[in-house]
Amino acid sequence: MKLIKHLATATMALGVATGAMAAGHGEKTKVGFVYVGPVGDGGWTYEHNEGRLAVEEHFGDQVETVFVESVPEGPDSERVMTQMALEGADLIFTTSFGYMDPTINVASKFPDVKFEHATGYKTADNVSVYSARFYEGRAVQGLIAGNLTESNIIGYIGSYPIPEVIRGINSAYIQAKKVNPDVEFKIVWAYTWFDPAKEADAAKVLIEQGADVILQHTDSTAPQAAAQEAGNVYTFGQASDMIEYAPMPRVSSIIDNWAPYYIERTQAVIDGTWETANTWDGIGAGMVGIGEITDAVPADVKEAALALKDAIASGEVHPFTGPLNKQDGSAWLAEGETADDGTLAGMNFYVEGITGEIPQ
Amino acid sequence: MDLSSINPVLLLASLMVAATPLLFAALGELIVERAGVLNLGVEGMMITGAVAGFIIAVESGSPALGFLCAAIAGALLSLLFALLTQVFLANQVASGLALTLFGLGLSALLGRDYVGIKPPSTPKLDLGMLADIPFVGRVLFTHDLMVYLALVLAIAIWFFLHRTRAGLILRAVGENHDAAHALGYKVVLIRFAAIAFGGACAGVGGAYLSLVRVPQWTEGMTAGIGWIALALVVFASWKPGRVILGAYLFGGVNVLQLNLQAAGAAIPVEYLAMSPYLVTILVLVIMSADRSRAPASLGRPFHASN
C-alpha cells in the first residue's frame, strides 16, 4: 500500500513538472485534436487525423500536435480539452458535434487558447466553427442510389438525429426520388458514431427488410463488410474513401478533406491573425470530395453523377432547390428558390415523401 | 407501420448471432468471479482476441485456428493480470482497468496492417435434415459451430460448478479463500486457472465479432461489449442459466429494436434505442429477488501468510 502511495505521489509530481515545462516552452505552436473515435476507424476520425498529419508535415518543427482519441461526447470531453489547454495547446480542434457545449465551456476558461469546433453552430471570441457541406456529396450519392436500386428500398443508417445527418438524408432522398419516383427510404438510428457490431447489425436488418442500397452516416466500415457478406448490395464510403470495399459493395464515397483548413488555421495562429469564423465549404472548395465511382455503376449513371457533382461545385445547382415541400405537406421552397444556410444549419424536418418521424 | 416486412425467422436467427460474443465473455468472467477475482479487463481481452483471431485466420486461412489463437491470446493477456493481482497483490480494480487500456492499445498496434481485409468465412455447421424443419430449422440449426459452443459451454459450466468436486473447490475459493487455504487447496493456482479460462473465453468472444458478426477488423471494434458482459454477470447473479437469458435478451431486443425502426414502428426511437439495456436489467433484477449474492471473497486479495 505504501509503495502504491509513493508511486502515485511520484507520478503526480512528474505530471505537474511536465505540465509546467510545456507551458513555459513557448516557441513551438501546439495544436490539439480531440477525436470521437479511434484514428483507425477508417472513416470520420481517420480523415481528421490525416488532416493533423498534414499540419505536421507542412509546418515541420514549427508546430507540435497532440491528440486524444475515443473521447466520449458530453461532460467527459471537457476534462480532455481542459487538460490540453493546461498543457499549453494554442489551438484545439474538437471534431464532433457533441463537443459543442463542452468546447464553449472550456473556451470561456481559457481566453488565450483558440478553439475550433467541427459541425456545430455556437461561436465565441475564441471559438470558430467549421464544417463541410456533406449534403452536396449526399446529393450525388442519392442520384446513384436511386438508379441502382431494384427493390426501390434504400436503407439509411443514421447516427444521431442532428441537423447534419438530417440534411444528408433529405439531400440524398431528393435526388433519388428525382431519378426513381418509386424509391423508399428506410431509416435506422444507431445512436452511436462508432460501434462496428451495432452498425453491422443495422445494415443486416435493412438488407433483411429488402434494402439493396445502404447509405451510412456512422463512422466505421462495418456496414460495408455486412453488405459484402450479403452480396448484391451497394454501399458508399462515408467520410473516408473506404476504397478497400471497391468495386463492390462500395461504388463511390464522400471524402472529407480537412488538411487545407487545418493548415490555414494553424498558420493564422502562428501569424497572430486568427479570428472567429464560421466556415462551411463544399465540393467547390475541395473540402468535400467524391471518391471514384466504380464500374459496378452503369456508364450513363456515372456520367449523370459526375455532371451533378460539377454543377454543384460550380454553384450552378443547389441540392435544395424548390419546389420542395416539408414532410407534412406544407410548402417550404417555391419553384427555383434555394434553401438558405440558416435553415440548412438547423434543419429538423424531413422533406415530403420520407416516411417515419425524426426522434426529437 | 409495416410490421410484415420483419421476417421473424431472420430476426430470431440473427438474435443468436448477436448474443454469442456477449455470452462467451460473460461466461468466462462468471468463472473468474466465482473464484473470487474481479477482472475488469474483459474489454481488453476481447479486443486482443478479436485482433489475434483475425490476424491468424487471415494468415492461415482457417477460422478455426483463428478462434484457437484468440483463446490463447486472451488467456495470455489475462495471465498478466493474474501475475499482478495474485502474486504481487496489486489492486484488482486498477489492474483490470489497466488491462483494458493495454489491450485496446496493443490490439490497435497489432491490427494496423489488417484494416479493410476480409477474413475467411466461418462455415455454417451442416446439420442436414434438422435445418430443413420449417421455421425452427432456419432459426436454430443454420449457424456456425461457435453459436452452439457458447450454449454448450454454459451448460458445461453449470455442470462443473454444481455437479463436480473441482467446481465445489472453485466455489469454496471464491466464497472463503482462507478456509479453502486451510483445507490445503492452492488458492492462487486455482485462481490463475480461472483467470486464464476467463481470458480465453473473452478472446473467443472478441474473435467471434471480428470473424463472424461484423466481419472485419477495426480498431476499438468491441465498443463496450466487454463492460456489458461484466454488468451481465452481476445482474445474472453469477448463474450460467441467467447469463444465457441475459445475453439472448440483450442481443434479441437490440436486433428487434433495429427491425422495428426499419419497419417504421410508431414507438419513439429513443425508447427503442434504450430498450435492450432496460429490458435486460429489468428482467434480471426481478429474477434476482431470490437473495442470491456475490461470492464472499470477490475482489479481496489473498496471501498465504494472512
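## Exercises on a predicted two-chain model

A:Asp76 is partly exposed, with a relative accessible area of 34%. The model is predicted. Work through the exercises below.

**Exercise 1. Find which parts of chain A are tied together by the salt bridge between A:Lys122 and A:Asp101.**

Step 1. Take the distance. The closest N and O atoms of A:Lys122 and A:Asp101 are 2.6 Å apart.

Step 2. Locate the ends. A:Lys122 is in the loop between strand 4 and strand 5 of chain A, while A:Asp101 is in helix 4 of chain A, so the bridge joins parts 21 residues apart in sequence.

Step 3. Classify both ends. A:Lys122 is partly exposed at 32%. A:Asp101 is partly exposed at 38%.

**Exercise 2. Describe the contact between chain A and chain B.**

Step 1. Count residues. Chain A gives 33 and chain B gives 30.

Step 2. Give the area. The two chains bury about 2,700 Å² between them, 53% of it on carbon and sulfur atoms.

Step 3. Count the links. There are two salt bridges between the chains. Nine residue pairs are in polar contact.

Step 4. Name the elements on the chain A side. Those giving two or more residues are strand 7 (184–189), helix 7 (196–208) and helix 8 (222–230). Helix 7 gives the most, with ten residues.

Step 5. Sort the chain A side. The residues divide into 18 nonpolar, five polar and ten charged.

**Exercise 3. Classify two of the aromatic pairs: A:Phe97 with A:Tyr121, and A:Trp258 with A:Tyr262.**

Step 1. The structure holds 25 aromatic pairs over all chains.

Step 2. Take A:Phe97 and A:Tyr121. Their centres are 6.4 Å apart and their planes at 50°, a tilted pair. The two residues are 24 residues apart in the chain. A:Phe97 is buried at 18%, whereas A:Tyr121 is partly exposed at 48%.

Step 3. Take A:Trp258 and A:Tyr262. Their centres are 6.4 Å apart and their planes at 15°, so this pair is stacked. A:Trp258 is buried at 1%, and A:Tyr262 is buried at 0%.

Step 4. Widen the view. A:Trp258 and A:Tyr262 belong to a cluster linked by ring pairs, with A:Phe33, A:Tyr35 and A:Trp44 also among its members.

**Exercise 4. Describe the surroundings of A:Gln216.**

Step 1. A:Gln216 lies in strand 8 (residues 213–216) of chain A. Its relative accessible area is 2%, so A:Gln216 is buried.

Step 2. The side chain of A:Gln216 reaches the backbone oxygen of A:Thr218 at 2.9 Å.

Step 3. List some neighbours. A:Gln216 touches residues including A:Arg138, A:Glu199, A:Phe236 and A:Met242.

Key. Residues are numbered from 1 along each chain as its sequence is written. Chains are lettered from A and ligands numbered from 1 in the order in which they are written. This is a predicted model: local features need pLDDT of at least 70, side-chain atom pairs count only at pLDDT 80 or more; totals for chains, interfaces and linings use all residues. Side-chain values use heavy atoms; hydrogens and water are left out. Contact means heavy atoms within 4.5 Å. Buried area is the accessible area (1.4 Å probe) that two parts lose on being put together, summed over both. A salt bridge is a side-chain nitrogen of Lys or Arg within 4 Å of a carboxyl oxygen of Asp or Glu. A polar contact is a pair of N or O atoms within 3.5 Å; within protein, one must be able to donate a hydrogen and the other to accept it, and residues adjacent in sequence count only if both atoms are side-chain atoms. Helices (H or I, at least four residues) and strands (E, at least two) are DSSP runs, numbered from the N terminus. Ala, Val, Leu, Ile, Met, Phe, Trp, Tyr, Cys and Pro count as nonpolar, Asp, Glu, Lys and Arg as charged, and the others, Gly among them, as polar. Rings of Phe, Tyr and Trp (its six-membered ring) pair if their centres lie within 6.5 Å; planes under 30 degrees apart count as stacked, over 60 as edge-to-face and the rest as tilted. Buried means under 20% relative accessible area, exposed over 50%, partly exposed in between (1.4 Å probe, protein chains only). Lists of a residue's contacts leave out its neighbours within four places in sequence.
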